[in-house]
Amino acid sequence: MLYIISAMGIEARAIIKYLNLKKTTDRPFETYQNEEAHLVISGVGKINAAGATSYLLKDTLKDLNHSDYAINLGICGSLNNKFNVGDLVLVNKVVDYEKKRKYYTDILVKHNLKEGSIQSIDTLHSNYEFEEDLVDMESSAFFEIASKFLSVHQVYVLKIVSDKVSKNQPLERLTNKYIDELIYDKLEEIFSFTKLVSSLLKLFQPILQQQDEEIIKKISITLKLTFSQTKQLENAYAYFKSNKKVSPLFLEEYFNYIPKSKKERDAIFEDLKTKLYK
Amino acid sequence: MKISKQNYTNETFSHIYIEKDALNYPLTNEITSKLNKSKIVYIDNYNEIFSRKNQNPFLQKLSPSLILAVNKGDFIYKGSPLCHDFEQQNFYYTNFIVNCLFDCDYCYLKGMNFSSHILFFVNLSDYFHELSRLINEIKERPERGQGKIYLSISYDSDILLFEGIYPFLKEWIEFAEANPLITIEIRTKSTNYKKFLNYSPLENLIITWSISPQEAIEKYEKNTPSLERRLMAISQLLQKGWKVNLALDPILYIGENWQEKYKEFINSISKKINLKKINAITLGVFRIPVDYLKRFKKFFKSPIAFFPYQTTNGVSTYPEELKSKMIEFVYSELEKIYNKTNIYVV
Ligand code: SF4
């Protein structure tokens with residue numbers, strides 16, 4: 001599942017259309033979804049971004065889904081001449097300007113996007129230093145929270161440069177139409193990147209899949225295994241599967257076998273383990 | 001279960017993370033100019049990347065990044081009891097490179113480190129400085145062993161793999177030449193031996209090749225050279241007079257007919273190299289701290305992770321009976337063809 005966090009409705013508009021997402025809730029955050037993607041509109045600033053990220057990702061841990069990934073998508077300012085207005089940038093370093101904390105994306109996927117660093121701020125003030133390439137108001141909070149739920153290679157920040165920030169000039173107000181077009185122009189690039197990430201994530205699947213866990217659970221219940229025996233069964237099951245590259249489906253024979261005593265259970269269990277370790 | 005490099009994973013070293021302090025070392029420049037296609041990201045401290053908890057070392061193996069850092073901590077460590085010290089009291093190890101591009105299923109680094117990215121410490125001169133201090137300290141206190149130091153320098157990596165981008169060999173060879181009280185050991189599976197031919201063999205520099213039956217190499221030592229190629233590299237260096245050790249370590253349980261396979265393996269070694277010229281052979285079965293094994297189970301899909309090991313004092317290994325059988329068998333096969341006083345069991 002792809003999780004997208006955008007600060008403003010206008011940043012999300014083109015995405016919602018492109019992915020054909022349907023609105024699901026209004027409060028506490030506006031969310032949209034379909035079978036493959038969930039999107040939340042967080043509102044501007046770090047606190048909103050942290051809240052919305054955590055709201056969106058709260059279920060992923062429970063489901064142990066290694067295919068999940070989260071992206072903070074939106075516009076940003078550029079602080080130097082490395083990037084031009086309209087550039088789509090995959091962020092490789094996120095700095096929380098106020099907290100001085102740094103986060104790094106684990107970029108294991110091969111891509112053609114430009115890469116750069118970003119600093120996230122609460123407010124722009126006269127002493128503000130330009131330390132990184134880009135600036136926004138959400139990505140550090142998003143990264144901090146998202147990487148508590150997911151591994152770092154499952155967390156990305158994609159930004160489109162909307163304007164150049166300069167120390168002497170006040171920021172211009174950007175029109176909705178302008179922002180919508182910026183995002184619209186980059187949709188293809190954004191979603192070919194997400195496809196690559198999704199393919200990479202499929203490479204890592206834990207050895208025990210849902211079907212395996214169900215078999216283990218069923219046997220553990222019918223044979224009345226102790227906690228420690230169940231753990232041993234899990235290990236033996238994984239050993240079998242790692243060696244033979246298939247699940248030990250012969251275990252289904254034990255589904256209906258109810259032992260008459262602990263002694264009998266232990267004997268069956270030992271026999272079962274021997275078979276799995278063979 | 002093996003995973004292979006897919007065309008959507010990044011190249012090795014697509015990214016180089018550089019500590020700002022590392023920019024002061026010429027080696028940093030040298031390395032980045034050799035890897036001039038890599039993207040550079042500046043970091044404050046290597047642990048920001050290397051020690052993050054929520055990484056997947058299994059996937060990182062497909063696309064490792066490089067981290068250039070300055071070691072500000074300890075340079076030399078006392079050897080671990082899990083390793084062999086050749087009865088030397090002053091057994092130390094050091095690591096200026098951490099992690100490896102080979103991908104052995106049993107590699108303890110995968111259990112120890114949170115990341116599979118490769119870490120280079122660029123302040124090699126500080127290591128030599130610290131070592132000289134240690135040598136002097138031991139010289140002044142001969143009651144501490146025989147006044148000699150045995151130092152393994154490829155404990156946390158297969159360093160020879162990186163000689164092309166981190167040219168450390170010349171400096172270590174010069175250091176060994178100037179300091180006869182120290183014996184340096186380089187442990188490897190690589191066949192990158194040609195650099196040694198630029199130098200004269202040294203009495204106090206030992207190259208230890210880890211070798212395994214070809215079947216175990218194919219199954220459990222991904223990306224490493226075949227047994228044949230390793231034996232070829234060994235025989236080249238032996239001919240030139242270099243000191244070579246063999247490590248049959250870890251000996252692995254490779255199925256019910258492991259005895260046959262190990263017997264065949266030992267025979268093939270004796271055919272391909274002149275065992276009389278081998279300085280020493282070490283033997284040890286697979287062993288690993290139990291906490292590292294737990295991480296194996298979380299990420300890896302190899303039977304090495306799930307074998308029913310026994311754990312004593314925090315170290316997991318084969319059940320005692322199997323372990324003794326394995327050691328005894330391999331030992332007895334070896335002593336038929338090699339002087340047993342030079343066989344060491346870990
Ligand atoms: S060669 Fe050594 S360091 Fe490299 S992966 Fe194999 S065991 Fe680990």
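Lys218(A) is partly exposed in this predicted model, with a relative accessible area of 47%, a value that falls between the 20% below which a residue counts as buried and the 50% above which it counts as exposed. The residue belongs to helix 7 of chain A, which covers residues 210–222. Although Lys218(A) and Phe255(A) are 37 residues apart along the chain, their C-alpha atoms are separated by 6.7 Å.

With a radius of gyration of 24 Å, well over the 19 Å that the globule rule gives for 278 residues, chain A is more spread out than a compact globule. Its C-alpha trace spans about 85 × 35 × 30 Å along the principal axes. Even so, buried residues account for 55% of the 278 residues in chain A, and among its contacts between residues at least 6 apart in sequence, 72% join residues at least 24 apart. Chain A exposes about 13400 Å², with carbon and sulfur atoms supplying 52% of that area, while the mean positions of its 39 positive and 38 negative charges are 6 Å apart.

Helix 1 of chain A, residues 9–19, gives a view of how part of this interior is built. Its buried residues are Ile10(A), Glu11(A), Ala12(A), Ala14(A), Ile15(A), Ile16(A) and Leu19(A). An α-helix has 3.6 residues a turn, so residues three or four places apart point the same way. The cover over the buried residues of helix 1 includes strand 1 (2–6), strand 3 (30–33), strand 4 (37–41) and strand 5 (69–78), together with helix 5 (176–185) and helix 6 (187–202), which also belong to chain A.

Two backbone features follow in this part of chain A. Helix 1 is followed by Asn20(A), whose phi is positive, near 55°, and the peptide bond from Arg27(A) to Pro28(A) is cis, with omega near 0°. Pro28(A) is placed in the loop between strand 2 (22–25) and strand 3 of chain A. As background to both, most residues other than glycine have a negative phi, and most peptide bonds are trans.

Chain A meets chain B through 34 of its residues, which are in contact with 40 residues of chain B. About 3200 Å² is buried between the two chains, and carbon and sulfur atoms give 56% of this area. On the chain A side, Tyr104(A), Leu203(A) and Phe204(A) lose the most area to chain B, together 21% of what that side buries.

Chain B has twelve helices and 18 strands. Its radius of gyration of 20 Å is close to the 20 Å that the globule rule gives for 346 residues, so chain B is as compact as a globular protein of that length. The C-alpha trace of chain B spans about 55 × 50 × 40 Å along its principal axes, and buried residues make up 58% of the chain.

Chain B has backbone features of its own. The peptide bond from Asp249(B) to Pro250(B) is cis, with omega near 5°, and Pro250(B) lies in strand 13, residues 243–251. Phe13(B), in the segment before strand 1 (15–19), has a positive phi near 60° and counts as buried at 6% relative accessibility. Asn313(B) also has a positive phi, near 45°, but this residue is exposed, with a relative accessible area of 78%, and lies in the loop between strand 16 (310–312) and strand 17 (315–317).

Note on methods: Residues are numbered from 1 along each chain as its sequence is written. Chains are lettered from A and ligands numbered from 1 in the order in which they are written. This is a predicted model: local features need pLDDT of at least 70, side-chain atom pairs count only at pLDDT 80 or more; totals for chains, interfaces and linings use all residues. Side-chain values use heavy atoms; hydrogens and water are left out. The radius of gyration is taken over C-alpha atoms; the globule rule is 2.2 Å times the number of residues to the power 0.38. Buried means under 20% relative accessible area, exposed over 50%, partly exposed in between (1.4 Å probe, protein chains only). Contact means heavy atoms within 4.5 Å. Accessible areas come from the Shrake-Rupley method with a 1.4 Å probe; for residues, only the protein chains shown count as cover. Lys and Arg count as positive and Asp and Glu as negative; His and the chain ends are not counted. The place of a charge is taken as NZ of Lys, CZ of Arg, CG of Asp or CD of Glu. Buried area is the accessible area (1.4 Å probe) that two parts lose on being put together, summed over both. Helices (H or I, at least four residues) and strands (E, at least two) are DSSP runs, numbered from the N terminus.
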